[in-house]
Amino acid sequence: MPEPFYITTPIYYVNARPHLGHAYTTIIADVITRFHQMQAADVFFLTGTDEHGDKVVRAAQKENLSPREYVDKISRLFKELWPELNVNNNYFVRTTDAAHMEVVSQILRKIYDAGDIYFSEYEGQYCFGCERFYTERELVGGKCPDHEVEPEIIKESNYFFKMSRYQNWLIDHIKQNPGFIRPKRYRNEVLAFLKEPLEDLCISRPKSRLKWGITLPFDENFVTYVWFDALLNYVSALGYPDGERFAKFWPVAQHIVAKDILKPHGIYWPIMLKAAGIPIYQHLNVHGYWNIEQSKMSKSLGNVVDPLQLRKIYGLDAFRFFLIREMNFGLDSSFSETALVQRINSDLANDLGNLFSRILSMAHKYCIGQVPQFDLQAERELGLDLQTGALETIDTFEGHMQSFEFHKALMAVWEFIARMNKMIDVTAPWVMAKKKSSQKQLATVMYQLLEGLRIISGLIYPVMPGTAQKMQKYLGLDPAGPFYHLNQLRNWKALPSGTHLLKSIVLFPRIEAQKKTFAASTQKEEDAKSLKFKPEITIEAFSRIDLRVATIVQAEPIPKAKKLLKLEVDMGQKRTLVAGIAERYSAEELIGKQVIVVANLKPAKLMGVLSNGMVVAAVDDSGPTLASIEKKVAPGTPLK
Ligand code: MSP
């Protein structure tokens with residue numbers, strides 16, 4: 001029996017909506033899960049959301065929701081996204097789950113009782129964005145490296161976890177287990193960090209400052225620091241301390257994270273486990289960052305990539321393939337739609353897609369649409385040896401998948417695809433078809449090619465499960481069965497002769513590059529190229545539009561209308577307006593703002609509220625941005 005396998009993604013903060021980066025990590029976890037299913041292993045795949053802390057409270061306030069309402073809303077977005085990307089996680093953990101909170105309490109108590117937590121006053125440089133203290137040497141030019149703002153000095157009494165006590169133990173552990181943190185560059189990074197004395201970790205926040213968290217079991221005036229809370233999801237979700245799942249899966253735990261959270265996972269987490277008397281996880285697998293055409297993905301740059309959009313435009317499997325093939329696990333990668341289109345056209349449409357339709361149409365032409373009988377004698381005469389190539393490919397694939405070198409695993413499969421395409425050219429079945437004496441040879445070549453397709457469909461299963469199943473169906477096999485089991489793939493000539501094949505199809509249509517663009521940065525270029533202005537009007541026609549400056553005096557959400565806000569404005573006279581800006585602006589931040597209103601627009605009822613005019617805004621991919629006036633003017637002032 002193969003060993004069970006436990007894989008986790010980071011639990012994502014609910015202060016942002018899911019994007020390409022989250023999708024990548026979670027798809028990788030899905031790919032590795034499916035790979036272990038190929039080995040017939042029992043797998044547990046965990047993902048979830050991180051829901052406590054300051055950031056979340058602030059994000060909730062911005063949306064005019066209570067923290068509870070807010071976390072429920074965003075957590076659901078993550079939870080519902082994964083099935084859309086064909087991600088099959090076994091469980092979705094939330095740090096606001098009662099079971100998780102209970103485990104955090106238990107472990108804190110255990111570590112406290114063991115004497116590894118102490119109370120002390122601390123003055124330090126605190127970044128509110130990161131929700132943590134920074135040491136001088138961690139700052140870059142005196143600023144937080146992530147948020148690029150100067151941290152604030154705060155002084156408070158807090159609880160500290162004696163991490164320093166375990167520093168030497170951790171160094172030894174990393175040195176004795178070379179694959180503990182991988183790839184190597186991140187192991188070296190952690191070891192380099194551990195060369196300097198480790199500071200103890202502040203693990204509490206006073207309730208006077210933050211209430212949205214798990215109360216410390218030994219002092220109800222404090223809540224637990226988010227990282228201490230979040231990391232424990234990996235054991236709480238398995239039913240720690242005595243769940244059956246915990247016993248089975250914890251000894252084989254592997255985590256996947258990006259380089260941004262190497263330190264909490266490579267340092268805090270093993271030390272927390274050690275202090276709590278829990279065995280240490282097996283591997284921390286660290287990948288790089290997706291940048292968008294060389295720059296960091298960020299809301300302010302307006303280049304955040306939505307995975308659902310990509311799925312919609314290019315198809316789910318093509319999107320998944322691109323992510324896995326393009327990124328060298330461990331290094332950064334640059335996302336661009338041009339690269340995506342190129343990969344789809346060359347690797348998927350040309351190489352795999354062509355091979356598939358070529359073989360199926362030949363099988364219909366020359367073998368009455370059935371898997372033919374192979375002939376050993378003909379095989380020998382032809383000197384065909386696709387079997388050795390197939391078995392070597394499976395071994396290479398398995399080795400690379402095992403060591404998280406996914407792009408290399410795919411490269412091996414594509415070499416095999418190239419080899420099969422070449423075999424068609426060399427054997428030229430269309431020539432054999434014309435000679436009566438070559439019929440056995442023709443059948444043998446066709447059998448081998450169809451068998452090759454069966455192997456390929458199994459090997460692409462982790463990355464492109466939908467396409468793998470489609471290929472099975474067209475090969476007349478059972479797409480619901482465990483066709484991807486490595487044992488089955490290694491069983492050369494398992495394809496039964498006489499199986500009815502379906503008529504050939506195009507697996508991946510070619511994409512015309514100009515037609516499809518979506519990523520925000522390229523979208524902007526496209527917009528600039530194709531800016532279409534409305535037909536010319538006269539000044540007289542323009543003067544019929546009554547534009548006025550209005551001051552917002554009151555704002556409130558409209559029940560059940562996610563996007564709408566009801567505004568009371570002053571424009572010399574009081575007016576009620578409805579504006580579709582609720583996803584970008586909170587009611588509070590609007591009070592007192594001056595905006596531009598089309599004052600003579602015909603009134604319209606929106607969600608039961610009569611809107612007497614329209615607020616003007618610039619609208620792009622990220623939503624509406626209100627137009628305003630450069631200096632304050634009297635409400636009602638007209639625009640010309
Ligand atoms: N809540 C913490 C993790 C706690 S785990 C106990 C957190 N959340 S996060 O929402 O910020 O997610 C960070 C993770 O999202 C990264 O480690 C990575 O897995 C993924 N990514 C976010 N942006 C990314 C890229 N641009 N590129 C690749 N992955 C990225 O940190």
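Tutor: We begin with a definition: contact means that heavy atoms lie within 4.5 Å. Helices (H or I, at least four residues) and strands (E, at least two) are DSSP runs, numbered from the N terminus. The model is predicted: local features need pLDDT of at least 70 and side-chain atom pairs count only at pLDDT 80 or more, while totals for chains, interfaces and linings use all residues. Residues are numbered from 1 along each chain as its sequence is written, and side-chain values use heavy atoms, with hydrogens and water left out.

Student: Against which elements do the buried residues of α2 pack?

Tutor: Buried means under 20% relative accessible area, exposed over 50%, and partly exposed in between (1.4 Å probe, protein chains only). In α2 the buried residues are D54, K55, V56, V57, A59 and A60. They pack against β1 (5–13), β2 (43–50) and α3.

Student: Which residue just after α2 takes a positive phi?

Tutor: The place to look is just after the helix α2. The phi there is about 65°, and the residue is N64.

Student: How many helices and strands does the protein chain have, and what share of its residues is buried?

Tutor: The protein chain holds 23 helices and 24 strands. Its C-alpha atoms fill a box of roughly 95 × 80 × 45 Å along the principal axes. Of its 640 residues, the share that counts as buried is 53%.

Student: How many salt bridges does a search of the whole structure find?

Tutor: Side chains of opposite charge can pair when their charged atoms come close. A salt bridge is a side-chain nitrogen of Lys or Arg within 4 Å of a carboxyl oxygen of Asp or Glu. Searching the whole structure by this rule gives a count of 25.

Student: How many residues apart in sequence are the parts that K73 and E63 tie together?

Tutor: The side chains of K73 and E63 form a salt bridge, with N to O at 2.8 Å. K73 belongs to helix α3 (residues 67–84) and E63 to the loop between α2 (54–62) and α3, so the pair ties together parts whose separation in sequence is 10 residues.

Student: Which helices hold D395 and R490?

Tutor: D395 and R490 meet through their side chains in a salt bridge of 2.8 Å, N to O. The two residues are 95 apart and the pair links distant parts of the chain: D395 lies in α15 (residues 386–402) and R490 in α20 (residues 486–490).

Student: How much area do domain 1 and domain 2 bury between them?

Tutor: An automatic or database domain assignment gives the bounds: domain 1 (5–287), domain 2 (335–489) and domain 3 (539–626). Buried area is the accessible area (1.4 Å probe) that two parts lose on being put together, summed over both. At this interface, 17 residues of domain 1 are in contact with 18 residues of domain 2. With 73% of it on carbon and sulfur atoms, the area buried is about 1,500 Å².

Student: Which three residues supply 42% of the area that domain 1 buries against domain 2?

Tutor: No other three residues of domain 1 supply more of that area. The three are R34, F35 and M38.

Student: Which element gives the most residues to the side of domain 1 that touches domain 2?

Tutor: The elements that give two or more residues to this side are α1 (20–38) and β12 (253–258). The element that gives the most, with nine residues, is α1.

Student: How many salt bridges does the rule find across the interface of domain 1 and domain 2?

Tutor: The rule that was applied to the whole structure can also be applied across this interface. There, the number of salt bridges is zero.
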